[in-house]
Amino acid sequence: NSGVDIGDVDVTSISAGTNNIGDVDVEIIGTAATIDTASVGIVADAILEAAASNLRLFGWTARESAAGAAAATIVLRHDADGTCDSTLVIAFIELAPNESVSHSYGDRGLAVASGVCADVIAGTVDINIDTLAEAAP
């Protein structure tokens with residue numbers, strides 16, 4: 001024992017690598033690489049990600065992008081039928097002129113197997129979403 005102990009664990013005897021002491025990890029095993037779906041200058045409803053089994057949304061970034069002092073409002077929705085009129089809202093985003101905002105749904109993301117669409121209420125928006133289709137459980 002080298003005297004470097006945590007409780008009764010001799011830390012010098014723990015092999016190098018990805019060991020965790022007192023930590024619980026959630027690991028995501030995907031069947032595809034992370035997809036960055038970018039839509040530039042959205043002024044009308046747009047499907048951002050089509051429906052897919054085990055699809056997860058990890059986050060989004062939106063920027064008001066009109067050439068002038070205009071605000072923008074969009075609603076990210078689950079999209080079961082391609083019409084972008086679902087009542088299942090993911091996020092309500094209001095942007096001041098030239099403003100940008102981001103949101104993350106953490107390590108596990110948000111289940112969005114029915115797809116994701118942007119329902120444009122007003123203005124022009126550039127939006128990027130990060131999604132992943134996970135391996136079946």
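Select D119 and R77: their side chains meet in a salt bridge, with 2.9 Å from N to O. A salt bridge here is a side-chain nitrogen of Lys or Arg within 4 Å of a carboxyl oxygen of Asp or Glu. D119 sits in strand 10 and R77 in strand 6, so this pair ties together parts that are 42 residues apart in sequence. Both D119 and R77 are buried, where buried means under 20% relative accessible area, exposed means over 50%, and partly exposed is in between (1.4 Å probe, protein chains only).

A word on what you are looking at: this is a predicted model, in which local features need pLDDT of at least 70 and side-chain atom pairs count only at pLDDT 80 or more, while totals for chains, interfaces and linings use all residues. Residues are numbered from 1 along each chain as its sequence is written, and side-chain values use heavy atoms, with hydrogens and water left out.

**Stop two: strand 10 and its sheet**

Now colour strand 10, residues 116–122. Helices (H or I, at least four residues) and strands (E, at least two) are DSSP runs, numbered from the N terminus. Is strand 10 enclosed or open? Five of its seven residues are buried, so strand 10 is largely enclosed by the rest of the structure.

Two strands count as paired if DSSP finds at least two bridges between them.

- Strand 4 and strand 10: three bridges, antiparallel. Click E49, whose bridge partner in strand 10 is V116.
- Strand 6 and strand 10: six bridges, antiparallel. R77 turns up again here, with C117 as its bridge partner in strand 10.
- Strand 6 and strand 7: six bridges, antiparallel. Look for A72, which stands opposite L95 in strand 7.

**Stop three: the disulfide**

A disulfide joins C84 to C117, with the sulfurs 2.2 Å apart; the rule asks for a pair of cysteine sulfur atoms within 2.5 Å. How many disulfides does this rule give? The count comes to one. C84 is in the loop between strand 6 (72–78) and strand 7 (89–95), C117 is in strand 10, and the two are 33 residues apart. Look along the S-S bond: its torsion is about 95°, so the disulfide is right-handed. C84 counts as buried at 3% relative accessibility, and C117 is buried too, at 0%.

**Stop four: another salt bridge**

A search of the whole structure finds two salt bridges. R63 is in strand 5 and D126 in strand 11 (residues 125–133), 63 residues apart. Which of the two ends is buried? D126 counts as buried at 14% relative accessibility, whereas R63 is partly exposed, at 38%.

**Stop five: R56**

Slide along strand 5 (residues 55–64) to R56. R56 is buried, with a relative accessible area of 15%. A polar atom of its side chain lies 3.3 Å from the backbone oxygen of G109. Show the surroundings of R56 and, leaving aside neighbours within four places in sequence, you will find contacts that include R108, L110, V112, D130 and E134; contact means heavy atoms within 4.5 Å.

**Last stop: zoom out**

Show the whole chain as a cartoon. How many helices and strands are there? Zero helices and eleven strands. Of the 137 residues, 34% count as buried. Among contacts with a separation of 6 or more, 81% come from residues 24 or more positions apart.

Methods:
Polar contact = N/O pair within 3.5 Å; in protein donor to acceptor, adjacent residues only side chain to side chain.
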